[in-house]
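Q: I am new to this structure and would like a close look at a single part of it, the interface between its domains. Please describe that part carefully, and then what lies on either side of it.

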Amino acid sequence: MQTAISIPDLRRIRTQLKGTFGLVPTMGALHDGHLSLIPRALAECDHVGVSIFVNPTQFGPNEDFERYPRDLARDLKLLEPLGVDVVWTPTPESLYPAGFQTWVTVEETSRPLEGEHRPGHFRGVATVVAKLFNAVGPDRAYFGQKDAQQVAVIKRMVRDLNFPVEIVVCPTKRESDGLAMSSRNVYLNQAERQCATVLFRALSAAKKIYDQGERNGVRLREAMLMTIAHEPLARVEYVSAADPDSLGELDKVEDRVLLSLAVRIGRTRLIDNFLLSQ
Ligand code: AMP
């Protein structure tokens, strides 16, 4: 497993790796959710690279950029046995040189849900992913369904800007009680950790009535809200039953629906989603 910090070093390594290349972009603090993307990438590509970069531009001024968990030594140790070819850990200065002023904005898809509660978040995400794609030149890039709107934004960007990259979406990895794995779960104390299963429980409540035939968007959203209302530690930011591509809220589900929600538990903001089809 080779490592690179600078873009020239990364490019030197990359040009030596012939055949198809899969990229797994991450912000580090790796857990089994991140690691589950790697076997998929290795199975589908001749070579695999992982980027680790806590991207400052996707955090708002009152968000957790400073305290976001970072442990590069541990991340490298976790990646080493998996068969990854290269790990790239760029510096903020190399990706955002002095005078930086060029941004990628995916307009409509970035607006609702996460975009409404985290202004500028997807501008940061789209810009950094475009830069990672430009630097690495992957054939495929692997993302988690956990961040469903991120997937929609990146897919739209790839189509709109003609990136020659196939976006592969991998299922959400969960703890045994249903909590979606997330680097932010380390912020939770014991009581908050117990409460955090409310996201999975709320999604499951909506899925239950969906499986029984409910297709009314209002009722699906209500089922999530009612579950969260029973948790005193939980504060809901949004619940949504939306079209998985446009992310527009649905009155009536036709064939597919993305159920998603964001909930604050203490100081920690968690998101999760289920993608349901007929
Ligand atoms: P992050 O480091 O949070 O930016 O995540 C890096 C990649 O891992 C993104 O594509 C995420 O969607 C994905 N990911 C994060 N958590 C999970 C999870 N629990 N299951 C599957 N993929 C995940």
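The domain interface

A: In this interface, 21 residues of domain 1 are in contact with 19 residues of domain 2, contact meaning heavy atoms within 4.5 Å. The model is predicted, so to speak of local features requires pLDDT of at least 70 and side-chain atom pairs count only at pLDDT 80 or more, while totals for chains, interfaces and linings use all residues. Residues are numbered from 1 along each chain as its sequence is written, and side-chain values use heavy atoms, with hydrogens and water left out.

Domain 1 covers 2–170 and domain 2 covers 183–277, with bounds that come from an automatic or database domain assignment. The C-alpha centres of domain 1 and domain 2 are 26 Å apart. Between domain 1 and domain 2 an area of about 1700 Å² is buried, and carbon and sulfur atoms give 50% of it; buried area is the accessible area (1.4 Å probe) that two parts lose on being put together, summed over both.

Turning to individual pairs, the rule finds two salt bridges across the interface of domain 1 and domain 2, a salt bridge being a side-chain nitrogen of Lys or Arg within 4 Å of a carboxyl oxygen of Asp or Glu. Arg-184 and Asp-64 meet through their side chains in a salt bridge, at 2.8 Å from N to O. Nine residue pairs, both residues at pLDDT 80 or more, are found in polar contact across the interface of domain 1 and domain 2 (a pair of N or O atoms within 3.5 Å; within protein, one must be able to donate a hydrogen and the other to accept it, and residues adjacent in sequence count only if both atoms are side-chain atoms). On the side of domain 1 that touches domain 2, helix H6 (114–117) and helix H8 (148–160) each supply at least two residues, and H8 gives the most, with three residues. Helices (H or I, at least four residues) and strands (E, at least two) are DSSP runs, numbered from the N terminus.

Strand E5 (residues 140–144) pairs with E6 in the parallel sense over five bridges, and the bridge partner of Gly-144 in E6 is Cys-170.

A further open sheet has three strands in the order E7-E8-E9, with antiparallel pairing. Its edges are strand E7 (234–242) and strand E9 (268–277), each with a single partner strand, so one side of each is left without a neighbour in the sheet. Neighbouring strands of this sheet are turned by 10° against each other on average, direction ignored. Strand E8 (residues 256–265) and E9 are joined in the antiparallel sense over 10 bridges, and Leu-261 has Asp-272 in E9 as its bridge partner. Helix H11 (residues 217–229) packs on the sheet, where H11 touches E7 and E8 and makes about 160° with the direction of E7.

Definitions and conventions
Pairing = 2+ DSSP bridges. Axes fitted to C-alpha atoms, helices over the stretch in contact; angles between N-to-C directions.
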